[in-house]
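Biologist: Let's go through this one together. I'll ask where the labels come from.

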Amino acid sequence: MLTHAWGILAHPKREWQQIKEERETLTHLYEHHVLLLAAIPVVCSYIGTTQVGWSLGGGTTIQLGYLDALGAGIVFYLVILAAVYAVGKVIRYMAKRFTRPPSQSQCIVFAGYVATPMFVSGIVAVYPLIWLCMLAGVIGLCYTAYLLYIGIPSFLGIDSEEGFIVSSVTLAIGVLVLEALLGITVLLWGYGERIILSLIGG
């Protein structure tokens, strides 16, 4: 379980080669990596939201009940899993124009491992300050960019010059996905109770 999680963070160049040699399937990727690591920001957000509460500044704190937070957590978890698949599809679409494009499965596996720093950065949600979560997200995104630039040539077999284009577009889309996830996080975990009450009341 989580065989490559530490390796992809500590020595990514060597780890990319090892992952490539294993010819990992999507089922194995999700069972042994994505499903587990994607739970980090969800579980930490659940703890932080129910025990501490979202601090929005000015002394305003929003805290959810256990059931509301559970519902928000399930939605958040499913969104993260879908985001990994979507980014993999984007990489595949970008790579189609190359002479020997990687398969869709390879691209999604690649996206799953590239997202590792973003998953790990979710630990800070245990103490859910908006600025702290954003800072951790930016740091995770920077390391994700590094994994993209070194992983595309070695794992997907796209040369560095062409890979730069794929990396840049993927990173740009990754930023949009991150912003969307942050927005969803604030809505679900910070205002989830209000949204649920307004829907019931409506």
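Modeller: Helices here are DSSP runs of H or I with at least four residues, strands are E runs of at least two, and both are numbered from the N terminus. Ser-121 lies in helix H7, residues 116–121. This is a predicted model, where local features need pLDDT of at least 70, side-chain atom pairs count only at 80 or more, and totals for chains, interfaces and linings use all residues. Residues are numbered from 1 along each chain as its sequence is written, and side-chain values use heavy atoms, leaving out hydrogens and water.

Biologist: Why does Ser-121 count as buried?

Modeller: Buried means under 20% relative accessible area with a 1.4 Å probe, protein chains only. Ser-121 has 16% relative accessibility, so Ser-121 counts as buried.

Biologist: And what does Ser-121 touch?

Modeller: Ala-136 and Gly-137, leaving aside residues up to four places away in sequence. Contact means heavy atoms within 4.5 Å.

Biologist: Which residues of H2 meet H8?

Modeller: Pro-12, Lys-13, Trp-16, Gln-17, Ile-19 and Lys-20 do, and their partners in H8 include Tyr-143, Leu-147 and Phe-155.

Biologist: How many helices and strands does the protein have?

Modeller: The secondary structure comes to 9 helices and 2 strands.

Notes. Buried means under 20% relative accessible area, exposed over 50%, partly exposed in between (1.4 Å probe, protein chains only).
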